[in-house]
Protein chains: 8
Amino acid sequence: VDLQIIRETLDGVASGAVSADEAMARLEGVAFVDLGDAKPDIHREARTGQPEAIYGPGKRPEQVAAVVRQLSDAGVRPILVTRATDRQYRAVHEVAPDAVHHPEAELIVVAPVDRSVPGLVAVVSAGTSDLRVADEASLVAEAFGLTVDRITDVGVAGIHRLLAHRSRLREAACVIVVAGMEGALPSVVAGLIPAPVIAVPTSVGYGASLGGLAALLGMLSSCVPGVTVVNVDNGLGAAMSALRIVGA
Amino acid sequence: VDLQIIRETLDGVASGAVSADEAMARLEGVAFVDLGDAKPDIHREARTGQPEAIYGPGKRPEQVAAVVRQLSDAGVRPILVTRATDRQYRAVHEVAPDAVHHPEAELIVVAPVDRSVPGLVAVVSAGTSDLRVADEASLVAEAFGLTVDRITDVGVAGIHRLLAHRSRLREAACVIVVAGMEGALPSVVAGLIPAPVIAVPTSVGYGASLGGLAALLGMLSSCVPGVTVVNVDNGLGAAMSALRIVGA
Amino acid sequence: VDLQIIRETLDGVASGAVSADEAMARLEGVAFVDLGDAKPDIHREARTGQPEAIYGPGKRPEQVAAVVRQLSDAGVRPILVTRATDRQYRAVHEVAPDAVHHPEAELIVVAPVDRSVPGLVAVVSAGTSDLRVADEASLVAEAFGLTVDRITDVGVAGIHRLLAHRSRLREAACVIVVAGMEGALPSVVAGLIPAPVIAVPTSVGYGASLGGLAALLGMLSSCVPGVTVVNVDNGLGAAMSALRIVGA
Amino acid sequence: VDLQIIRETLDGVASGAVSADEAMARLEGVAFVDLGDAKPDIHREARTGQPEAIYGPGKRPEQVAAVVRQLSDAGVRPILVTRATDRQYRAVHEVAPDAVHHPEAELIVVAPVDRSVPGLVAVVSAGTSDLRVADEASLVAEAFGLTVDRITDVGVAGIHRLLAHRSRLREAACVIVVAGMEGALPSVVAGLIPAPVIAVPTSVGYGASLGGLAALLGMLSSCVPGVTVVNVDNGLGAAMSALRIVGA
Amino acid sequence: VDLQIIRETLDGVASGAVSADEAMARLEGVAFVDLGDAKPDIHREARTGQPEAIYGPGKRPEQVAAVVRQLSDAGVRPILVTRATDRQYRAVHEVAPDAVHHPEAELIVVAPVDRSVPGLVAVVSAGTSDLRVADEASLVAEAFGLTVDRITDVGVAGIHRLLAHRSRLREAACVIVVAGMEGALPSVVAGLIPAPVIAVPTSVGYGASLGGLAALLGMLSSCVPGVTVVNVDNGLGAAMSALRIVGA
Amino acid sequence: VDLQIIRETLDGVASGAVSADEAMARLEGVAFVDLGDAKPDIHREARTGQPEAIYGPGKRPEQVAAVVRQLSDAGVRPILVTRATDRQYRAVHEVAPDAVHHPEAELIVVAPVDRSVPGLVAVVSAGTSDLRVADEASLVAEAFGLTVDRITDVGVAGIHRLLAHRSRLREAACVIVVAGMEGALPSVVAGLIPAPVIAVPTSVGYGASLGGLAALLGMLSSCVPGVTVVNVDNGLGAAMSALRIVGA
Amino acid sequence: VDLQIIRETLDGVASGAVSADEAMARLEGVAFVDLGDAKPDIHREARTGQPEAIYGPGKRPEQVAAVVRQLSDAGVRPILVTRATDRQYRAVHEVAPDAVHHPEAELIVVAPVDRSVPGLVAVVSAGTSDLRVADEASLVAEAFGLTVDRITDVGVAGIHRLLAHRSRLREAACVIVVAGMEGALPSVVAGLIPAPVIAVPTSVGYGASLGGLAALLGMLSSCVPGVTVVNVDNGLGAAMSALRIVGA
Amino acid sequence: VDLQIIRETLDGVASGAVSADEAMARLEGVAFVDLGDAKPDIHREARTGQPEAIYGPGKRPEQVAAVVRQLSDAGVRPILVTRATDRQYRAVHEVAPDAVHHPEAELIVVAPVDRSVPGLVAVVSAGTSDLRVADEASLVAEAFGLTVDRITDVGVAGIHRLLAHRSRLREAACVIVVAGMEGALPSVVAGLIPAPVIAVPTSVGYGASLGGLAALLGMLSSCVPGVTVVNVDNGLGAAMSALRIVGA
């Protein structure tokens with residue numbers, strides 16, 4: 001959208017319909033709405049295929065709600081709030097009554113898209129404790145219309161559990177692998193299939209797991225080329241990356 | 001290939017053509033060739049779409065050459081040696097005279113594929129010092145038949161240089177972004193386009209860049225969801241991931 | 001058990017009693033029970049001599065209880081929940097009334113084995129503050145039928161306290177040494193006896209002890225070859241390793 | 001002031017008006033008031049142009065209030081308490097009824113200067129979650145009489161938002177840039193303008209942002225020479241540095 | 001310059017002198033010259049008051065020389081190459097015979113500006129081992145026409161050495177403080193004067209100085225608000241920041 | 001004491017008064033009392049001049065009280081509990097009614113020694129926030145009969161505050177310097193006086209102070225040889241070291 | 001041996017054959033030989049079942065040779081020098097002509113034991129680059145009379161390579177697993193077998209593998225209880241631990 | 001000395017013999033000689049009892065020699081150069097023919113003091129590889145006239161080696177303990193004796209010893225209060241601290 005607007009502006013200047021001054025103002029004004037503290041980037045979807053998600057921590061409930069309303073008024077969908085608290089949800093719910101809260105994934109979803117994107121995303125998780133992150137990834141992907149196949153509790157301690165799902169893994173266009181502790185699962189998965197593998201380390205584990213850094217470093221050091229990694233517990237990022245891959 | 005062999009083995013057992021003992025032996029024997037020290041995984045391409053690459057450091061030249069010969073005899077292509085030294089190259093060259101050495105990228109390429117994979121990969125690099133890593137990514141991708149568009153020296157210090165290439169970026173099915181120092185470039189690129197962005201931190205920079213860890217942490221912490229990251233200086237991994245994405 | 005099942009399956013295929021399709025399904029189905037979120041690995045004991053332990057953090061009480069019931073129904077013993085909260089205990093207690101809670105060790109034990117394994121395990125701890133980890137190690141070991149000799153408060157600040165117990169140390173088939181702060185005790189113990197020494201760093205100490213990392217690094221750097229190390233505060237892991245050693 | 005006093009003292013000794021003993025005592029006594037625990041450095045403004053700010057954490061409310069009263073009696077202005085709690089505010093309010101509390105910035109301001117310092121300071125922040133730190137910087141700068149232009153929510157995910165404000169940026173004599181996550185914004189700003197850029201990393205972000213260290217390291221590694229950096233979340237330090245620059 | 005060109009372009013479009021297509025091309029073409037690998041940003045001085053410096057490591061001598069020639073042809077001055085090797089200098093010298101090499105500072109200076117910028121910059125260093133970094137800062141500042149007052153070997157081990165130079169410090173419009181080991185000097189200096197203090201940690205010191213990180217962390221944690229910090233050994237960055245401050 | 005007992009034991013064996021068996025038992029039994037969980041090392045004072053201090057964290061109140069009673073019955077003095085909670089104090093108070101609680105220093109003192117040790121210890125602290133650690137050091141030193149001169153709030157931001165106390169510093173036989181943030185104070189103090197300087201980093205400061213590690217690293221990297229360092233916030237250790245020095 | 005000597009000494013004192021003075025001297029003299037710089041601990045085998053190994057780095061060739069000769073004269077066997085250089089080997093060879101040098105494992109073996117210890121040790125390695133560490137472990141184990149089964153190049157990228165060796169793994173009394181990069185192999189192995197698993201991280205891999213720390217942290221964080229870990233590249237330690245386990 | 005000069009100066013001013021201007025100049029001039037780059041602090045001994053030592057790295061041979069000559073002309077003794085190279089020694093030797101070079105300790109000693117300081121310093125080292133650091137400590141101490149008792153190769157792997165030297169340890173007025181790897185030795189020593197213990201970590205050991213940081217952290221976390229620590233490999237600092245303690 002915005003490249004078109006720029007082009008139209010330049011054409012308007014060329015045709016005399018738009019003054020140079022107006023053109024400079026319009027180029028600045030076109031892409032976002034000024035909301036005081038927050039400037040939701042309502043054309044990001046046009047540029048990147050992905051609307052802006054709202055990161056909850058450090059924002060007051062009423063700030064979150066104001067941004068949600070603004071995005072909603074602009075027709076953006078889906079609208080997502082991550083790491084959302086109960087209080088943020090209650091504020092959002094007042095401006096967006098159809099908002100859905102997933103407390104374990106700490107996620108609020110408003111206005112999921114109503115079309116289905118072709119291409120299956122598998123979300124594989126190593127242990128029960130990793131489920132909240134896998135849930136965030138799955139719910140965000142679904143809010144964007146992706147179809148998700150959840151494969152849970154298949155950590156490397158019992159490698160046969162994973163091998164039993166090899167055929168499901170092979171059907172996915174993209175696989176998100178969520179694991180804490182030593183973070184070994186993405187390497188094993190990537191050694192079995194040709195699809196892209198997005199690794200998500202989680203902050204699960206004893207002391208030397210360093211709040212997920214051990215898994216993160218392990219995934220980055222994977223002996224299987226082709227594994228890419230997102231930040232610790234970042235289910236949102238993994239889903240957004242899957243959307244870029246599958247939607248490409 | 002190997003799933004078929006397993007199935008055929010099971011069918012063989014079912015038909016009586018293969019005994020159970022022989023089946024167990026065959027299942028163990030099918031997937032790799034034993035070469036003493038090294039067991040090149042010649043069927044990895046069948047499983048993952050990607051043959052094994054040879055990681056050079058810590059291997060003697062004659063070890064590297066032996067694995068190259070083994071893979072070559074098995075018809076694997078391309079054969080890649082990363083972080084290769086001159087001495088490793090000379091040993092490889094004796095067993096594979098068509099081997100090509102890219103000294104700056106520390107890469108040996110033997111038998112690149114001769115088909116062209118549809119889908120353009122852009123390899124964007126921030127500074128001249130990042131070129132050797134961008135080269136590794138580009139050369140590996142090309143060895144697999146991908147078409148690469150190199151966009152160099154577009155670091156965020158002069159953001160207009162990047163913006164001028166927006167249309168080239170938009171044509172790529174996948175973008176690899178290589179940057180050292182603060183590693184800010186992938187965020188800016190990902191904010192401009194809808195395609196998947198694979199970030200590669202490089203070990204370029206002064207003390208607090210910590211040999212690339214500053215860029216790595218920055219890329220993992222990107223404020224744009226949908227950026228995924230590979231290890232420091234890991235051009236190979238970025239290319240392999242691009243192959244998984246584009247080839248999917 | 002599971003190798004037998006695989007062999008029986010192959011034999012069944014060979015004899016015509018089992019079709020190839022059924023064989024593939026059975027190979028996938030044999031080793032675990034699908035419980036939705038969690039897939040308890042009930043045959044792990046058959047493979048490794050050790051049933052799966054349940055890691056408490058991040059699991060809802062009812063999830064923990066469901067896994068306990070599942071393992072209990074499958075006849076697994078002992079069933080352990082580590083880092084267990086009071087609420088998790090109450091949920092477990094409803095499905096397993098004989099469950100015992102050790103709040104300081106944050107451990108729930110259900111159905112300890114009723115045989116005694118030959119071979120004595122000494123659990124040595126440096127200070128009173130290390131007791132909760134030493135307790136976890138001791139209680140887990142005892143739940144598996146091992147006999148444990150607890151030697152407490154023998155830190156290196158008063159080396160004669162340890163030397164006085166040299167004869168008890170020499171009777172153990174395996175010694176677990178639990179220490180925080182500088183973590184020096186395992187080196188001293190390993191210099192006195194021929195048995196395997198498993199070092200457990202604890203998160204006890206001032207700032208530069210870095211939550212147990214100082215002890216961990218010290219133990220890994222021990223000048224006495226033959227000390228092996230588990231994660232910070234990981235009494236469970238130490239006990240499981242002792243079981244592997246003594247039970248071997 | 002204090003160099004004059006020293007000079008006057010030496011002159012007094014030279015003239016015989018002051019004894020050498022008295023001179024030594026006076027040189028020690030001149031620069032601060034002894035308050036038992038705390039020695040507020042009331043002449044710091046004379047030396048550095050900046051009175052001492054009070055760092056709240058670890059101080060009892062009555063300690064904070066006593067220092068405020070002391071500084072107030074000495075005519076120091078403004079008086080600032082950073083990382084202030086509600087309880088510290090209530091204690092300060094009793095001794096300084098005009099004290100103003102900014103709870104989100106955790107700042108207490110007493111007796112802001114009533115003159116206006118020429119020179120505009122722009123305070124640019126990347127996301128809504130960075131606002132509390134940007135607020136601290138802005139409020140401190142204003143307490144010293146600086147004029148502040150706040151530009152908020154212009155993170156690099158949508159680089160056009162920043163570019164639209166280029167003219168406002170160009171009017172500032174000094175720009176403070178506040179950003180968490182990958183901390184890329186200062187590099188982009190510094191590439192656009194000639195004024196000094198003070199980068200403030202914030203502790204906003206997922207695991208690998210390491211509580212602001214990822215942003216800190218990124219800013220220190222900036223590819224644009226001329227960016228300087230203060231500590232994580234240190235809005236006060238950024239404002240004080242701006243005051244030194246603009247007031248120079 | 002470049003905002004003017006943009007404005008002129010828009011005006012040209014408005015007047016019909018420039019077509020919209022041509023305008024888009026011109027906007028892309030105006031700001032840099034494409035040199036294959038490297039795109040020197042010749043208008044950076046117009047935007048930021050500072051031409052691009054060339055970071056030497058990882059660039060071949062002929063690459064460095066080509067960029068120098070390109071910048072020289074475009075009239076950029078000064079041209080700086082940092083962390084330059086002897087071989088890079090020899091290549092540069094062939095294309096720029098007036099290039100001056102400062103081997104200890106690892107700096108090449110071509111075409112220093114011939115005007116003098118008002119405002120004195122003091123460059124203070126703690127020990128003899130810090131001189132190479134202080135030299136880089138001083139030489140870069142002088143290449144831009146700044147006047148530099150070098151104050152060397154005044155580390156905090158003998159605080160009177162620094163106090164003796166208080167009057168020289170007070171005359172500076174900006175003070176760069178270079179120190180390794182514990183990096184305490186910037187705090188002491190900033191407590192004495194009102195001018196901006198730019199701290200440069202150096203990689204001098206024993207093990208726990210961690211290659212300059214101890215000094216870096218110390219400077220960031222300075223108890224004197226108003227100290228800002230650049231990367232380890234980054235004399236260039238300090239000088240560029242001083243130029244922004246003094247030249248503002 | 002204990003070397004005498006050993007010698008007496010050997011003499012007893014020589015004279016026939018003691019059997020070899022009894023000698024081995026006595027050698028084990030002489031040095032400590034077995035209390036189940038805790039083995040207070042009541043002869044440590046004999047060996048080291050310092051009785052054992054009780055580290056509070058991770059110990060139940062009744063455990064702490066039992067050890068206090070045991071030490072008290074053995075005539076040990078002083079008895080110290082560090083990092084003590086209110087609940088631990090109440091338990092101790094029941095067994096030792098003369099116990100004194102210093103809540104800010106988190107210290108319990110029972111039975112301070114009633115003699116005065118010659119030699120003055122100066123405890124210097126940088127800021128008000130460092131007082132709780134300086135208090136711990138001072139109170140522990142005083143419990144052992146040392147005379148303490150407290151010099152507070154003399155951080156390097158106003159170096160004249162410290163210089164004014166030079167004569168007090170010169171009278172001390174040993175100086176403990178407590179500082180957070182950049183931890184620069186010990187270097188400055190050690191540059192002024194010939195006495196031993198014990199540096200105590202504190203966990204005071206913003207993000208990059210890393211909970212005291214920045215100060216710790218800075219102190220270890222001090223440019224003044226002769227500064228030694230104890231752990232973060234470890235006032236106890238500093239006092240015990242001063243006792244070793246002054247009491248030697 | 002040495003406990004006997006102590007007992008004999010005490011008995012001698014009891015019988016009057018030994019004076020108390022002589023007893024104290026003898027107790028000090030019995031356990032080691034004073035060699036000036038080095039005090040080889042020739043009775044360590046008596047205490048721990050393992051003679052002292054000589055750590056090469058930082059020792060002059062003649063120092064190494066002197067210790068070897070001393071141990072050899074005392075009848076110690078085997079004598080091992082780790083991280084040995086060529087020059088150290090040549091010096092050792094002069095005093096011990098039967099010394100064998102394994103340059104890739106950087107190991108010198110003198111006088112291997114000539115008995116065979118029952119119990120098989122499997123040494124499993126992930127990649128060819130890990131071989132030098134696996135070799136150190138294997139050669140040390142063999143020098144002590146252990147039988148070693150080497151299983152090489154079975155990294156998790158092709159998990160079937162490992163599964164094919166399951167029966168060999170099951171025959172081992174103890175398994176040493178050597179892996180770099182993400183260090184995932186020990187978890188997978190430990191999930192398959194009941195024997196003790198000793199994990200050895202190696203310093204193989206790209207930047208974020210941090211010289212083996214990523215593998216180390218991953219192994220410590222293993223989701224399979226019962227994996228213990230030794231230091232990076234510490235093949236010696238793994239072998240010594242295996243000897244303690246198998247020889248117990 | 002310098003306090004006297006200041007006092008004399010003030011007295012001179014009081015008596016009219018010295019003008020105020022001259023007094024200010026004299027106060028600045030008294031304490032050091034300006035040598036261009038380096039300002040040797042020749043009165044440091046007067047203030048601290050210790051002349052300045054010269055830290056070699058990063059200084060050119062002729063710079064080192066010039067400072068040595070300057071100190072020599074001023075009568076300073078001893079003069080020490082640490083981390084000295086052969087080339088620095090040769091330059092020093094030309095200006096100070098009696099200079100002695102200790103290559104393993106990387107130390108140059110010129111003009112050792114010719115008096116003997118009462119009080120014995122024990123220098124205890126754990127392994128042969130720690131000798132070079134122990135040598136630095138011993139040689140520096142001896143250059144200042146201290147008497148040193150070297151106790152070598154008494155690491156905790158064979159704790160009886162240390163116990164045998166208890167009486168020598170008890171005679172020392174101060175004990176320096178040098179150890180790498182886990183750094184446990186200082187805790188054990190400090191538990192045996194009442195004298196001050198200065199711990200020196202060394203950079204000896206495998207990967208997770210992190211170049212001495214493991215030992216450093218362990219020593220800082222020592223469970224024996226009264227151990228103080230200097231930087232990694234910092235034998236000089238330990239000796240200087242011992243001098244402060246013994247000479248006090």
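M181(H) is buried in this predicted model, at 17% relative accessibility. Buried here denotes under 20% relative accessible area, exposed over 50%, and partly exposed in between (1.4 Å probe, protein chains only). M181(H) is not a glycine, yet its phi is positive, at about 50°. The residue sits in the loop between strand 7 (174-179) and helix 9 (185-190) of chain H. Helices (H or I, at least four residues) and strands (E, at least two) are DSSP runs, numbered from the N terminus. The model is predicted, so local features need pLDDT of at least 70 and side-chain atom pairs count only at pLDDT 80 or more, while totals for chains, interfaces and linings use all residues. Residues are numbered from 1 along each chain as its sequence is written, chains are lettered from A and ligands numbered from 1 in the order in which they are written, and side-chain values use heavy atoms, with hydrogens and water left out.

A positive phi also occurs at D153(E), a residue other than glycine, with a value near 60°. D153(E) belongs to the loop between strand 6 (147-151) and helix 7 (159-163) of chain E. Its relative accessible area is 6%, so D153(E) is buried. Most residues other than glycine have a negative phi, and most peptide bonds are trans. Cis bonds are found in chains G and H. In chain G, the peptide bond from R77(G) to P78(G) is cis, with omega near -5°. P78(G) lies in the loop between helix 4 (61-73) and strand 2 (79-82) of chain G. In chain H, the bond from R77(H) to P78(H) is cis, again with omega near -5°. P78(H) is placed in the loop between helix 4 (61-73) and strand 2 (79-82) of chain H.

The interface of chain B and chain A was examined next. Contact (heavy atoms within 4.5 Å) involves 35 residues from chain B and 35 residues from chain A. The two chains bury about 2,900 Å² between them, 56% of it on carbon and sulfur atoms. Buried area is the accessible area (1.4 Å probe) that two parts lose on being put together, summed over both. Ten residue pairs across this interface are in polar contact, both residues at pLDDT 80 or more. A polar contact is a pair of N or O atoms within 3.5 Å; within protein, one must be able to donate a hydrogen and the other to accept it, and residues adjacent in sequence count only if both atoms are side-chain atoms. On the side of chain B that touches chain A, at least two residues each come from helix 3 (44-48), strand 8 (197-201), helix 10 (213-220), strand 9 (227-229) and helix 11 (235-246) of chain B. Helix 11 of chain B gives the most, with six residues. This side of chain B comprises 21 nonpolar, ten polar and four charged residues. Ala, Val, Leu, Ile, Met, Phe, Trp, Tyr, Cys and Pro count as nonpolar, Asp, Glu, Lys and Arg as charged, and the others, Gly among them, as polar. Zero salt bridges are counted between chain B and chain A.

Over all chains, the whole structure holds 49 salt bridges. A salt bridge is a side-chain nitrogen of Lys or Arg within 4 Å of a carboxyl oxygen of Asp or Glu. D149(B) forms one with R168(B), the closest N and O atoms being 2.6 Å apart. D149(B) lies in strand 6 of chain B and R168(B) in helix 8 (residues 166-171) of chain B, so the pair ties together parts 19 residues apart in sequence. D149(B) is buried at 17% relative accessible area, whereas R168(B) is partly exposed at 28%. Leaving aside neighbours within four places in sequence, D149(B) is in contact with L120(B), V121(B), A122(B), V123(B) and R168(B). In chain C, R168(C) forms a salt bridge with D149(C), the closest N and O atoms being 2.6 Å apart. R168(C) is partly exposed at 29%, and D149(C) is buried at 17%. R150(G) forms a salt bridge with E142(G), with a closest N and O distance of 3.1 Å. R150(G) is partly exposed at 34%, as is E142(G) at 32%. A network of salt bridges links R60(A), E62(A) and E104(D).
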